[in-house]
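Colleague: I would like to go through the labels used for this model. Please give the cut-off behind each one.

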Amino acid sequence: IKLFKNIYLFIKLACFIKIKKIDIVIHLGAYHFILNFLSYLDTSTIVIPQGSEINQLYKGRVKNFIDILFNNSKLITARSEGMKKRILDIYPLANNKVRLLNWGIKDEFFLSDFTNNKKENITIISYRATGKIYNIDIIFDAIKKLKEEHGNIKFIYVEYNKSFDYNLDLSICDEIYSGLSSTELATLLHKCDISISLPSYDGFATSLL
């Protein structure tokens, strides 16, 4: 049943792309069973791979489908130097079409006003971090230590996609939110200096933004 649904979705999207004369298709994620064949259409394909797809998941069927997408893409984006290196390690043919977006943090950050403590207040937010794989307990421990050492740290915790109960010390939180809409979350992110998420399966420095 799932196979037929995927084939139906592929045909539906392929027809939509042809009818609407769409020139560019962006894949957020490099692996999707069947849909990766959309890259064979007469369009320009841009791929934004996830860290796990080019790390531990890059094997077997996943590897084959990702290779199809990489081979047919016009651009492959990398969110850090580490991701770019990994993409070129597993797919050397991508050398001329990998573009570094650097969503992760630059080395210059560690020489900035944040670490020199010149900024009056630093607001750190952690969201999408309540599931077990996001290591929220480690984040809370790090924030607690930061607050003990520096008096200008403000921590905002957003309970999002909760799937595991931790015994968290909520006293270190300056603000706590749950059930936010996408607009409310975007507004909250906009006023923060740093966003932290630590997924267990990523393996690249894209979690500190």
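Modeller: Start with the terms for the sheet. Strands (E, at least two residues) and helices (H or I, at least four) are DSSP runs, numbered from the N terminus. Two strands pair if DSSP finds at least two bridges between them. This is a predicted model, where local features need pLDDT of at least 70, side-chain atom pairs count only at pLDDT 80 or more, and totals for chains, interfaces and linings use all residues. Residues are numbered from 1 along each chain as its sequence is written, and side-chain values use heavy atoms, with hydrogens and water left out.

Colleague: What is the order of the four strands in the open sheet?

Modeller: The order is β1-β2-β3-β4, with parallel pairing. β1 (24–28) and β4 (98–100) each have a single partner strand, so they are the edges. The twist averages 20 degrees from one strand to the next.

Colleague: How do you know that β1 pairs with β2?

Modeller: Five bridges join β1 to β2 (residues 44–48). The definition asks for at least two, so the two strands count as paired. Within this pair, Ile24 stands opposite Ser44.

Colleague: What makes helix α2 a helix packed on the sheet?

Modeller: Contact, meaning heavy atoms within 4.5 Å. Helix α2 (residues 60–72) touches β1, β2 and β3 (75–78). The direction of α2 makes about 130 degrees with that of β2. Such angles run from 0 to 180 degrees between N-to-C directions; axes are lines fitted to C-alpha atoms, for helices over the stretch in contact. Helix α3 (residues 81–90) touches β3 and β4, at about 135 degrees to β3.

Colleague: Why is Asn36 called buried?

Modeller: Buried means under 20% relative accessible area, exposed over 50%, partly exposed in between (1.4 Å probe, protein chains only). Asn36 has 1%, so it is buried. Asn36 lies in the loop between β1 and β2.

Colleague: Which backbone oxygens does the Asn36 side chain reach?

Modeller: That of Ala30 at 2.9 Å, and that of Phe65 at 2.8 Å. A polar contact is a pair of N or O atoms within 3.5 Å; within protein, one must be able to donate a hydrogen and the other to accept it, and residues adjacent in sequence count only if both atoms are side-chain atoms.

Colleague: Why is Asp193 called partly exposed?

Modeller: Its relative accessibility is 26%, so Asp193 falls in the middle class. Asp193 sits in the loop between α6 (182–190) and β8 (194–195). The Asp193 side chain reaches the backbone nitrogen of Thr123 at 2.8 Å.
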